[in-house]
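Subject: A structure for you to look at

Hi,

Here is the structure I promised to hand over. Have a look at it first, and then read on for what turned up in it.

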Amino acid sequence: MTTNEAFSIAGYEALIKGLLEHGYEVRDFSDADPSQPHLVLRHDIDMSLEAAVEIAQVERRLGISAHYFVLLRTEMYNVFSKNGLRAVETILSHGHKIGLHFDASLYENDEFEDAAEWEVGCLQCATGCEVEMISFHRPKKSLLGRKKSLAGLRHAYQPRFFNEMAYCSDSRGHWAYGHPQSLKTVRERHSLQLLTHPIWWTKNDNTNPVSRLDQFADDRHLYLRKELGRNCEPYGHAYPHLFDAD
Ligand SMILES: [Zn+2]
């Protein structure tokens with residue numbers, strides 16, 4: 001695998017630079033025209049806000065802005081925690097937009113419209129910024145290509161963004177249909193919604209998705225143990241080595 005194709009920070013930078021050199025122009029969901037070579041960068045943050053910050057910094061260096069979609073009701077991270085909110089604020093400070101990554105599976109069909117509105121309100125309270133877009137987390141098939149807006153907002157699987165534009169995703173840590181730059185629609189500069197998940201692009205030393213997640217789990221486990229030590233003296237005294245590097 002060449003640097004250009006690697007799932008790494010350098011690989012992400014090379015991918016975006018390659019698309020820009022090919023004639024793509026980065027746009028927001030709000031002003032992308034499906035008939036133009038417009039590129040919308042979407043990041044769904046499923047696991048790690050810290051990984052998202054790394055990608056946000058790369059994009060700032062490149063002078064482009066993207067959409068970052070955060071989950072509110074995940075067990076993976078907490079947007080309202082000190083570190084979580086700091087990460088979100090860093091992403092915003094780099095000129096990007098924060099949208100709601102919405103897990104519809106947590107709700108009954110007849111309540112998820114209200115639930116989305118409630119989550120949007122909570123996210124706006126946390127960030128102080130207006131939420132303009134929603135993306136579904138692991139959507140069931142019936143939500144793909146759904147025409148209707150959600151809670152009065154546009155969502156990333158509406159036909160304008162999902163059918164009229166080309167769509168590429170790095171789900172599960174690989175490109176299901178080949179590297180984006182190898183696709184005919186991309187070679188022809190068709191408008192493109194590029195969905196990436198920051199977790200797959202950081203931790204450059206692990207190229208395998210499973211070892212990447214193992215590394216993430218190890219880091220989180222250590223962090224949890226440190227928090228236990230900070231919140232419960234006997235635990236901290238029992239494992240003083242946890243704080244050696246602090
Ligand atoms: Zn997701």
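Predicted model: local features only at pLDDT ≥ 70, side-chain atom pairs only at ≥ 80, totals over all residues.

Let's begin with the overall layout. The chain is split into domain 1, covering 3-204, and domain 2, covering 206-246. Taken over C-alpha atoms, the centres of domain 1 and domain 2 are 29 Å apart. Domain 1 gives 14 residues to the contact, and domain 2 gives 9 residues. About 910 Å² of area is buried between domain 1 and domain 2, and carbon and sulfur atoms supply 54% of that area.

**The zinc site**

Next, please find the metal. Which residues coordinate the zinc ion? They are Asp 46 (through OD), His 101 (through NE2) and His 137 (through ND1), at 2.1 to 2.2 Å. If you walk along the chain, the donors of the zinc ion follow the spacing D-x54-H-x35-H. Asp 46 sits in the loop between strand 2 (38-45) and helix 2 (49-62), while His 137 sits in the loop between strand 5 (133-136) and strand 6, so this pair ties together parts that are 91 residues apart in sequence.

**A buried histidine**

Now move on to His 155, which is found in strand 6 (residues 154-155). His 155 counts as buried because its relative accessibility is 0%. A polar atom of the His 155 side chain lies 3.1 Å from the backbone nitrogen of Tyr 157. Leaving aside neighbours within four places in sequence, the residues in contact with His 155 include Met 133, Ile 134, Phe 136, Leu 143 and Phe 161. Arg 146, Lys 148 and Ser 149 are also among the contacts of His 155.

**Salt bridges**

Here is a general idea to carry with you: side chains of opposite charge can pair when their charged atoms come close. How many salt bridges does a search of the whole structure find? The search finds 9.

One of them joins the side chains of Arg 27 and Glu 25, at 2.8 Å from N to O. Arg 27 is partly exposed, with 23% relative accessibility, and Glu 25 is partly exposed at 40%.

Another one joins the side chains of Asp 28 and Lys 97, at 2.9 Å from N to O. This pair links distant parts of the chain, 69 residues apart: Asp 28 is in the loop between strand 1 (25-26) and strand 2, and Lys 97 is in strand 4 (residues 97-102). Asp 28 counts as buried at 15% relative accessibility, whereas Lys 97 counts as partly exposed at 26%.

Lys 97 also forms a salt bridge with Glu 132, where the closest N and O atoms are 3.2 Å apart. Here too the pair links distant parts of the chain, 35 residues apart, with Glu 132 in the loop between helix 4 (112-127) and strand 5. Glu 132 is partly exposed, with a relative accessible area of 36%.

**A cysteine in a loop**

The last stop is Cys 129, in the loop between helix 4 and strand 5. Cys 129 counts as partly exposed, at 32% relative accessibility. Leaving aside neighbours within four places in sequence, Cys 129 is in contact with Leu 92 and Gln 124. Cys 129 and Tyr 68 are 61 residues apart along the chain, and their C-alpha atoms are separated by 13 Å.

Enjoy exploring, and write back with any questions.

Best wishes

Notes. Residues numbered from 1 in each chain as written. Heavy atoms only, no water. Helix = DSSP H or I, 4+ residues; strand = E, 2+ residues; numbered from the N terminus. Buried < 20%, exposed > 50% of the residue type's maximum accessible area, 1.4 Å probe, protein only. Polar contact = N/O pair within 3.5 Å; in protein donor to acceptor, adjacent residues only side chain to side chain. Contact = heavy atoms within 4.5 Å. Donors = N, O, S within 2.8 Å, 3.2 Å for Na, K, Ca; no water. Domains from an automatic or database assignment. Buried area = accessible area lost by both parts, 1.4 Å probe. Salt bridge = Lys/Arg side-chain N within 4 Å of Asp/Glu carboxyl O.
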